[in-house]
Amino acid sequence: MSAPAGARGSAREEVLARLRAGRDAGAPRTAPGPVPRDYARRGAHDPGSPGALDLLVERVEDYRATVTRVARPGDVAGVVARLLGDAGSVAVPPGADRAWLTGIGGRGAVVHVDGDPRPLTTADLDRVDAVVTGAAVAVAETGTLVLDAAAGDQGRRLLTLVPDHHVCVVRAEDVVGTVPEALARLDPLHPLTFVSGPSATSDIELDRVEGVHGPRRLDVVLVG
Amino acid sequence: MSTTDLPTPTVRPAHAPAGTGHLRGTRPFPAEARDALANTQLRRNLGKATGVIRAKRAAVVDEVPDWEALRRSGSAIKADVMARLPELLEQLEAAVTARGGVVHWARDAAEANAIVLDLVRAAGGDEVVKVKSMATQETGLNEALEAGGVAAWETDLAELIVQLGDDRPSHILVPAIHRNRSEIREIFLREMPDVDPDLTDEPRRLAMAARTHLRRKFLGAKVAVSGANFAVADTGTLSVVESEGNGRMCLTLPETLITLMGVEKVVPTWSDLEVFLQLLPRSSTGERMNPYTSTWTGVTPGDGPQAFHLVLMDNGRSGVLADPDGREALHCIRCSACLNVCPVYERAGGHAYGSVYPGPIGAVLSPLLTGITGEDDVNASLPYASSLCGACFDACPVRIDIPNLLVQQRAASVESHHRPTGQDVAMRAARVAMTSAGRFRAAEKGLGLGRVLGGRSGRITALPWPASRWTASRDVPVPPAETARDWFARTRPGRER
Ligand code: SF4
């Protein structure tokens with residue numbers, strides 16, 4: 001390390017030495033046994049099963065987000081077009097399925113692809129009306145969508161943060177029952193964002209109000 | 001020159017030094033609480049808010065069939081962390097460094113603040129956006145930055161209300177819980193330069209005013225400061241759990257991110273998060289999941305901050321670790337459930353505890369972190385800020401035995417006195433009674449210990465889940481408001497002022 005390494009280095013050694021001494025001085029008389037893991041790793045529903053999908057819809061709608069179910073990938077474009085309404089500009093990550101946006105072509109809405117030709121800036125995204133992405137996994141029990149920034153159809157974190165409206169396309173096979181199932185499918189080395197409903201606050205008299213700094217509107221399209 | 005031959009000085013676990021940060025108030029709890037009890041508005045605001053959140057929590061905890069298994073697992077993971085804390089921190093440091101982050105170590109609050117200030121200056125910033133963080137409240141980082149010429153903007157709505165109102169946080173999760181909507185409206189009208197003068201006190205309108213106020217700050221910020229809910233040792237992954245999206249803004253948009261965390265926030269593995277990400281949201285905001293949880297590992301080229309600094313802070317934690325019982329207080333995941341069910345907190349409010357950590361956990365964690373220096377130490381009064389009703393244990397998602405810690409800290413409080421006084425004698429007598437079955441009844445009435453020692457342990461062995469769910473989730477019968485006050489009046493005559 002650079003210049004302050006001496007001073008900081010000694011802090012490191014001292015903190016670690018204090019903690020070693022504390023660890024030993026306060027050690028319990030009987031060493032703790034192995035961590036019990038008898039909680040449920042799987043829920044009542046298999047990944048992608050009709051029960052898991054129904055539960056996801058119920059739980060996402062509980063957060064006052066919308067869910068639209070379509071049977072086939074080819075049906076996504078029509079729903080996306082309806083959800084985007086009269087949005088004049090839409091951002092998408094580079095790996096998003098272009099077929100999702102074919103329904104809005106006729107209205108002359110501008111589609112901005114991140115990285116094509118250049119990465120979108122915060123200022124660019126502050127001017128777009130909506131963003132359309134995929135999701136890595138969805139958790140039925142908690143109504144949570146997980147976005148993996150390393151996945152081409154989900155994109156860099158700011159894409160789904162700055163625009164005020166997020167349309168998220170979720171595939172049935174990516175819907176799991178529980179939080180443990182979801183974490184097992186994710187790579188912790190990628191930046192991940194767990195999204196459960198639109199942004200919200202309960203800071204005023206613990207009254208939940210949707211829509212603070214993140215997207216105020218969240219629409220989910222569930223495929224399959 | 002090599003330094004390896006020098007004798008190694010003995011390094012001892014340390015308490016948080018006085019002088020920097022907010023682990024101590026200025027007046028003892030009874031004096032603060034008495035004033036708070038006279039504030040009808042405060043009590044009404046608190047009573048309403050804690051009532052709402054207790055009901056929400058009970059509903060979402062009830063629907064989890066394996067809640068008790070999750071609690072036991074969470075508790076055991078934390079006990080394992082304490083047993084391996086130095087090793088896990090070294091592992092975390094190596095993983096964060098390998099992914100492009102820079103790790104710093106701070107012995108105490110002053111050193112943590114100095115490191116952050118240096119980093120902000122090195123990044124060329126004269127202002128930072130902040131995600132709500134207990135660690136930076138603990139160190140008084142905002143004041144330290146301000147003294148160094150750096151403006152710190154709190155971006156969590158409740159923290160913003162506190163900052164604009166020139167106020168102090170009164171709750172771990174909802175720092176402005178003592179404020180009602182019309183008070184918040186007045187603060188915004190007074191303090192936000194460009195606010196709509198027709199602002200109403202409708203929560204939605206107030207939240208939108210905060211959005212507008214902060215948006216420009218987020219989009220232009222160069223440096224962000226955050227805390228961390230969890231840090232995964234084996235991957236180097238940090239995690240922030242939040243609601244509003246202000247956390248995502250801070251973690252994503254600025255060029256430099258500085259995260260300050262207490263050393264106890266480390267967990268061994270990524271899959272440990274599957275336990276805590278279930279326990280925390282249901283216990284804190286009473287939601288199945290909070291709106292946003294962000295995880296990141298070091299620096300990701302092209303995405304988010306390109307400079308990441310992690311400051312690992314002791315500030316008294318090594319001292320707590322050295323206490324065989326007290327170290328359990330380091331298991332706390334700051335959900336605030338114990339505050340919301342505490343009859344003393346509900347009446348006295350968070351400010352009465354002086355420290356940034358209020359409520360039942362604060363009443364033990366604050367004196368454990370600072371140590372109790374003597375009879376005039378205001379933190380010596382905190383362990384008495386409880387009727388020992390046991391509701392905090394039932395609510396705690398990681399099963400911290402707060403009532404036991406309260407009793408232990410009462411003993412520490414007595415022992416810290418240099419000269420025996422009437423108060424000491426009373427407490428020593430109580431301690432003897434607590435540890436002796438035959439005399440227990442005598443103390444039971446005055447201390448309200450019956451439910452704690454008899455009722456709870458009876459339930460644990462005799463009523464395993466699901467019967468225990470009833471006790472874990474029901475609203476707590478509220479002991480008379482006067483219990484704690486009476487206790488003080490009786491045991492500390494003339495000491496309240
Ligand atoms: S002590 Fe337990 S209940 Fe209280 S804030 Fe900490 S984790 Fe939550």
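Visitor: Which residue in strand 9 of chain B is the bridge partner of A:Phe194?
Guide: Keep in mind that this is a predicted model. Strand 9 of chain A and strand 9 of chain B, residues 292–297, run antiparallel and are joined by four bridges. In that pairing, A:Phe194 has as its bridge partner B:Thr293.

Visitor: Which element of chain A gives the most residues to the side that touches chain B?
Guide: Strand 9 (192–195) is one of the elements that give two or more residues to that side, and so are others, including helix 2 (50–62) and helix 5 (179–185). With 16 residues, the one that gives the most is helix 1 of chain A.

Visitor: How many charged residues are on the side of chain A that touches chain B?
Guide: Chain A brings 75 residues to the contact, and chain B brings 100. On chain A's side, 36 are nonpolar and 17 are polar, while the charged ones number 22.

Visitor: How many salt bridges does the rule find across the interface?
Guide: Let's start with an example: B:Arg211 pairs with A:Asp164, and their closest N and O atoms are 3.2 Å apart. That counts as a salt bridge because the cut-off is 4 Å. Across the interface of chain A and chain B, the rule finds 16.

Visitor: Which three residues supply more of the area that chain A buries against chain B than any other three?
Guide: The two chains bury about 7,700 Å² between them, with 58% of it on carbon and sulfur atoms. Of chain A's part, 11% comes from A:Glu205, A:Leu206 and A:His213.

Technical notes
Residues are numbered from 1 along each chain as its sequence is written. Chains are lettered from A and ligands numbered from 1 in the order in which they are written. This is a predicted model: local features need pLDDT of at least 70, side-chain atom pairs count only at pLDDT 80 or more; totals for chains, interfaces and linings use all residues. Side-chain values use heavy atoms; hydrogens and water are left out. Contact means heavy atoms within 4.5 Å. Buried area is the accessible area (1.4 Å probe) that two parts lose on being put together, summed over both. A salt bridge is a side-chain nitrogen of Lys or Arg within 4 Å of a carboxyl oxygen of Asp or Glu. Ala, Val, Leu, Ile, Met, Phe, Trp, Tyr, Cys and Pro count as nonpolar, Asp, Glu, Lys and Arg as charged, and the others, Gly among them, as polar. Two strands pair if DSSP finds at least two bridges between them.
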